[in-house]
Amino acid sequence: NAMVGMHRLLLLAALLSLCLSLSAITPVPTSGMTSGSKRIRILHVTDVHGWIYGHRHNDTLNADFGDFLSLVAHLRSAAAANGEEFFLFDTGDLIEGTGLSDAAPVHGQYIFPIAQKITYDAMTIGNHDVGHPATTSLMMEKNGFIDSFNGRYITSNVLWKETDQQMGSTYQLIETESGTRVLVLGFLYNFNQNANNTEVTFMEQSVVSPYFLKAMQEDCDFIVTICHIDPQGQWADQLQTLYLALRQHHPTRTLVLLSGHRHVKYFQQYDASAFTLESGKYFETLGHIQFDLEANGTMSNLQTDWFNTNLDVFYSLTGTNSGNFEIPEASELKTMMSKYYDLLQLNTTIGCSPAHYSAITGLDDPNSFYRLLINDIVPKVILIVPTENELFYVTNNAFLRFDLYGGRVNKDDIYTVAPFNDTMNIVRAVYSEHLRELLIALNANTTEVAEDCLRRPPPEQDPDVLPKFVYNTPDFEKYKMFDIVASAYDSFVISNKLAEMYPGHHFTVENYGLPYTSTLALEKYVTDYMPCANEDEESNAYA
């Protein structure tokens, strides 16, 4: 027994010696970080599309941009108190999607002053932001929206034609109070439907441009690219091109490639110290990134998640409550938003919807919004100007951008559903056989038509349920002629496709003569065919 006891003592002594040795070699870090590392926190938002006033139809998304301003202020303060670095980035498509954006004389006119109040560390441009000459001119005004960022509105590959210089900065080197240096670049995908006073440099050329090579020589701790680029679809190779170009100059340094445009939550890790993250759409979710930045520039302990724009979530994240969450500047911002909302008369009642119509379900669903569009809205308020041939209507499945909820419908709801306010055009004298082949081609050609579309369909749409192009059912009688009615956007897609398929024929696009736009056609339908039953229904706010 004495011998056994002695062996046990020797074994315990050996284990203790081993633990002390390991402790000396690898000290246990405090607060989860290794010696010399910095804790980095990044908040990411993308594809807001004018939803700065929040989601009145959804109780779980009850925060607005005033609450966003308070959230960021609290998170910055907490990070500073904890010795952490905090950054806020936006990857574009700030406008086009609500009345506050699109009922204005110039899209974004009342969105930009509100967004300027948010303390972004940097923002880039999206395809919708660069889609209209009047909007880009407004953004470029002296002391206007882009100037308000003091160099942190970054459009590395989007140029202003008047000067042949980038609309914003080519890049920015941000240095925090504690000395962390972050190199930030901003890119739009290879977009070719931009406003005629702008120019987009494609990614392949961008990464060998003088400004990019100069940026790569900057002394920085890590690199952030704010990209309005879909990391999964047709443009994923452009993000990969950017990643490889960055790695050529910085083989191991931490790379944060923030992405957007697809309207989904997505994460992909490229290597041990490089990843991309996309954070949804319509101010529904915010992306949250945390990692330790090591002294050698690499990354460890990466954590990513998303949270809803919900006040209870905001309170939990900031350790506040309804009594102490809102900062004074947020109250002022809410007042500004309400002022613009009232100025545009967005709360004006248009009618009352008898049901909730979904924009993402198939035509066989009784509450499909596209079914309602084709079977009821189109014949009653769109195909009403007689022409020589039988009228035929077609639209891409991004026309209806959001659901139409049951109950009172106001002017803002019309714009959230159909924000683009297109003129209705006509392509005349198309043979039935040509029309048949056209519809097959439009719905088969996802790369050329849908993937390169200025107006992407909601990602929730199942392509097997809802086709890329939706249309009323034609009678394909032999030798019959049709006149195709479509929005201005779709009409040029259609005529170009017809010209490609039938080069011997001439297809012209003309104004159809409808006295209202695509947006106002929907408004007229709700006004004329969705009356409110009584004053209580008309004045009652949505749940």
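**Close-up 1. The side chain of Q172 and the backbone of G151 in the predicted model****.** In this predicted model, a polar atom of the Q172 side chain lies 2.8 Å from the backbone oxygen of G151. Q172 belongs to strand β6, which covers residues 171-175. Leaving aside residues up to four places away in sequence, Q172 touches G151, R152 and I154, and also V182, L183 and V184.

**Close-up 2. The salt bridge between R41 and E84****.** The side chains of R41 and E84 meet in a salt bridge, with a distance of 2.6 Å from N to O. R41 is located in strand β1 (residues 38-45), whereas E84 is located in the loop between α2 and β2 (85-90), so that the pair ties together parts that are 43 residues apart in sequence. In the structure as a whole, there are 17 salt bridges.

**Close-up 3. The packing of helix α2 with helix α9****.** Helix α2, formed by residues 65-81, packs with helix α9, formed by residues 311-318, at an angle of about 15 degrees, and their axes are 10 Å apart. Because angles under 35 degrees count as roughly parallel, α2 is described as roughly parallel to α9. The crossing in which α2 passes α9 is left-handed. On the α2 side the contact is made by D67, F68, L71, H74 and L75, and on the α9 side by L311, F314, L317 and T318. Sorted by class, the residues in the contact of α2 with α9 are six nonpolar, two polar and one charged.

**Close-up 4. The packing of helix α13 with helix α15****.** Helix α13 (residues 432-444) and helix α15 (residues 488-501) pack with their axes 10 Å apart and at an angle of about 110 degrees. Since angles of 65 to 115 degrees count as roughly perpendicular, α13 is described as roughly perpendicular to α15. The crossing of these two helices, α13 and α15, is right-handed. The residues of α13 that take part are H434, E437, L438, A441 and L442, and they meet V493, I494, K497, L498 and M501 in α15. By class, seven nonpolar, one polar and two charged residues make up the contact of α13 with α15.

Notes: Residues numbered from 1 in each chain as written. Predicted model: local features only at pLDDT ≥ 70, side-chain atom pairs only at ≥ 80, totals over all residues. Heavy atoms only, no water. Helix = DSSP H or I, 4+ residues; strand = E, 2+ residues; numbered from the N terminus. Polar contact = N/O pair within 3.5 Å; in protein donor to acceptor, adjacent residues only side chain to side chain. Contact = heavy atoms within 4.5 Å. Axes fitted to C-alpha atoms, helices over the stretch in contact; angles between N-to-C directions. Parallel < 35°, antiparallel > 145°, perpendicular 65-115°, else oblique. Left-handed = near helix turned anticlockwise from the far one by under 90°. Nonpolar A, V, L, I, M, F, W, Y, C, P; charged D, E, K, R; others polar. Salt bridge = Lys/Arg side-chain N within 4 Å of Asp/Glu carboxyl O.
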